[in-house]
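Hi everyone, thanks for coming.

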Amino acid sequence: MLFPIYWMINVSFTKDTDMRADPPHLFPFNGTLEGYRAVLDQQLPYLGTSLIVGIGTVVLTLMLSAPAGFALAKLRPAGGGALSFVLLIAQMIPGIIMAMGFYAIYLRLGVLNTLPALILADSTIAVPFGVLIFTAFMSGLPDELINAARIDGASTWRTFVSVILPVSRNAIVTVSLFAFLWAWSDFVFASTLAGGADHQPITLGIYQYIGNNNQQWNAIMATAVIASIPATLLLIIAQRYVAAGVTAGAVKD
């Protein structure tokens, strides 16, 4: 599992003249930093766009999925079970089908090749997952918290904001992490809905290096290494929160 990651790093330091060496070089003894120079010279705007899209997707996902999860878990509206089933089915729809639908809608609305439109599209992948995670987590919270808030005169919204959200840190971190990673690594929506935009995410930046007669493999791999760093750091920092958030609601006393 780790060998492709190692080979990505190895190739990122390998000179173009050594790419087709037989046998291949297992270590870049005569290495180069040309690929990383290309990243600094050409890819920083793409990285910035991916960061904006990722953060925007996280914010929109939390704004929609957290209240929905609270409603399904504690308010128990009519048809809640059917809605949860629909959200589960929504995650099974192939991304390319959704991208084609978004393309037709955005083309008519005139918002094709814009960052808000791409953020909205990426959020449609994360929101169903987020609602299910929040529902499972909040179902495990004691009803006494809500009852105590009501006795103190708090409205349903105030109870959600002041009582439920502060104790839902693990679920918030889990949903935020997965939403960011989905948006950060998205290629289907980016190529379909933002392929002609002035600002494109890093996945399209990597794709710029690949052509019929030009394949800059060290630049491609160097960009992939740099693009992997934010995701790796987030996973390391949020690992214990993710483990608690994903398993929340699985076991009840």
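This is a predicted model: local features need pLDDT of at least 70, side-chain atom pairs count only at pLDDT 80 or more; totals for chains, interfaces and linings use all residues.

Let's start with a pair of helices. Helix H2, residues 34–75, packs against helix H7, residues 156–164, at an angle of about 105 degrees, and their axes are 12 Å apart. We count 65 to 115 degrees as roughly perpendicular, so H2 and H7 are roughly perpendicular to each other. Who meets whom there? On the H2 side you'll find Ala66, Pro67, Phe70 and Leu75, and on the H7 side Thr156, Trp157, Phe160 and Ile164. Sorted by class, that contact of H2 with H7 has 7 nonpolar residues, 1 polar and no charged.

Zooming out for a second, the chain has 11 helices and 0 strands. The C-alpha atoms fill a box of roughly 75 × 45 × 30 Å along the principal axes.

Okay, back to H2 itself. How many residues does H2 have, and how far does it reach? H2 has 42 residues and spans 57 Å from its first C-alpha to its last, which is close to the 62 Å expected at 1.5 Å a residue.

Next up is H5. Find helix H5, residues 115–139, and helix H8, residues 169–185: their axes come within 9 Å and cross at roughly 160 degrees. Angles over 145 count as roughly antiparallel, so H5 is roughly antiparallel to H8. If you're wondering about handedness, H5 passes H8 in a right-handed crossing.

By class, the contact of H5 with H8 comes to 13 nonpolar, 2 polar and 1 charged residues. If you look at the spacing, remember that an α-helix has 3.6 residues a turn, so residues three or four places apart point the same way.

H5 has another partner to look at. Helix H3, residues 80–90, packs with H5 at about 135 degrees, with the axes 9 Å apart, and that makes H3 oblique to H5. Left-handed or right-handed this time? The crossing of H3 and H5 is left-handed. Here Ser84, Leu87, Leu88 and Ala90 in H3 meet Pro128, Val131 and Leu132 in H5. That contact of H3 with H5 has 6 nonpolar residues, 1 polar and no charged.

That's my tour, so over to you for questions.

Conventions. Residues are numbered from 1 along each chain as its sequence is written. Side-chain values use heavy atoms; hydrogens and water are left out. Axes are lines fitted to C-alpha atoms, for helices over the stretch in contact, and angles run from 0 to 180 degrees between N-to-C directions. Helices (H or I, at least four residues) and strands (E, at least two) are DSSP runs, numbered from the N terminus. Angles under 35 degrees count as roughly parallel, over 145 as roughly antiparallel, 65 to 115 as roughly perpendicular and the rest as oblique. A crossing is left-handed if the near helix is turned anticlockwise from the far one by less than a right angle, and right-handed if clockwise. Ala, Val, Leu, Ile, Met, Phe, Trp, Tyr, Cys and Pro count as nonpolar, Asp, Glu, Lys and Arg as charged, and the others, Gly among them, as polar. The expected span of a helix is 1.5 Å times one less than its number of residues. Contact means heavy atoms within 4.5 Å.
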